[in-house]
Amino acid sequence: MRKLYGVIGDPVGHSMSPVMHNDLFNFYGMDRQYFPFHVKPMDLEDAVKGFKAIGAAGFNVTVPHKTQIIPLLDKVDHLAEAIGAVNTVVNENGLLIGYNTDGRGFVRGLLDRLPAITEKKTLIIGAGGAAKAIYFSLAEAGLKEIDICNRTAARAEELAKGCPFAVQSAILGMEEAGKSCDQYDLIIQTTSIGMSPDIDGTPLPFSALKEGCFVSDIIYNPLETRLLSEAARLGAATQNGIDMFVYQGALAFEKWTGIFPDTARMKGNVLKQLG
Ligand code: ATR
């Protein structure tokens, strides 16, 4: 019988996951199909019960359901539980198990470009859900020094306190971080600033970067934020958010099928969808 997959979100129409996963199922000759499902917050519990009742094989979870879904699942992986967000669900013999592949996806995408990361002195800009997934996953991967700057300092402090892995962190204000940007080997931008046309600009003005600095922005639309173009102008190597999106999908696909898919193919597919 054909296996059913999907993504639930509100909204969900813009999601690139259906085309990306259906292309992979096709490419690997698997009789499986992936659909977008528009689920409103008030219907989340019914939707999860429905997926279970019909024996759906797995699904992705996107905004605004990543946290609210946790108590509705049978089991949640330790990293997803610590992050407090699930983006991938696997139906394992009738039990719905939740995982978070966002942060680990970011790390895998980063390792593609920067093979040795554990010694990198790192700055994360932002302290929301995406920053938390990335911070915890970088700490899990063995990074020892990850500073955070955020508009609301208390949120950054809270984030660092909740991390289950040993890591050292200074919490900085935006202005302070802008001035000390030249001390970091790796800078990761996780806020929505730079996502045009709504929120243009850069969260962190800087005039100097350390030699060999690597700057990653999790935004992929536009492909180059102002922060990335500024960093490139100062000589840094840069990465946009496509790798994180592709690798979170690749890790979900691996959980569902046991196959780690062709990420170059996925990336080509996503770029095509972005036009
Ligand atoms: P996500 O799940 O995408 O990370 P989020 O949890 O709402 O979304 O987090 C948004 C992040 O972007 C936060 O770090 C937020 O800063 P605050 O914690 O101070 O709210 C940051 N952010 C959003 N809009 C911002 C703005 N205009 N200026 C500075 N930071 C902003």
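Which hand does the crossing of α4 and α5 have, left or right? In this predicted model, the crossing of α4 and α5 is right-handed.

**View 1. Helices α4 and α5 cross.** Helix α4 covers residues 102-113 and helix α5 covers residues 129-140. Their axes come within 7 Å and cross at roughly 60°. The two helices are therefore oblique to each other.

**View 2. Residues where α4 meets α5.** On the α4 side, the contact is made by Asp 102, Gly 103, Arg 104, Phe 106 and Val 107. On the α5 side, these residues meet Ala 130, Ala 133, Ile 134, Phe 136, Ser 137 and Leu 138. By class, the contact of α4 with α5 has seven nonpolar residues, two polar ones and two charged ones.

**View 3. The sheet.** Six strands form an open sheet with mixed pairing. The strand order is β2-β1-β3-β5-β6-β4. At the edges are β2 (32-38) and β4 (75-76), each of which pairs on one side only. Strands of a sheet pair through backbone hydrogen bonds, and they do so either parallel or antiparallel.

**View 4. Strands β1 and β2.** Strand β1 consists of residues 3-9. Seven bridges join β1 to β2, and the two strands run parallel. In one of these strands, β2, Phe 35 is the bridge partner of Gly 6.

Note on methods: Residues are numbered from 1 along each chain as its sequence is written. This is a predicted model: local features need pLDDT of at least 70, side-chain atom pairs count only at pLDDT 80 or more; totals for chains, interfaces and linings use all residues. Axes are lines fitted to C-alpha atoms, for helices over the stretch in contact, and angles run from 0 to 180 degrees between N-to-C directions. Helices (H or I, at least four residues) and strands (E, at least two) are DSSP runs, numbered from the N terminus. Angles under 35 degrees count as roughly parallel, over 145 as roughly antiparallel, 65 to 115 as roughly perpendicular and the rest as oblique. A crossing is left-handed if the near helix is turned anticlockwise from the far one by less than a right angle, and right-handed if clockwise. Two residues are in contact if their C-beta atoms, placed from the backbone, lie within 7 Å. Ala, Val, Leu, Ile, Met, Phe, Trp, Tyr, Cys and Pro count as nonpolar, Asp, Glu, Lys and Arg as charged, and the others, Gly among them, as polar. Two strands pair if DSSP finds at least two bridges between them.
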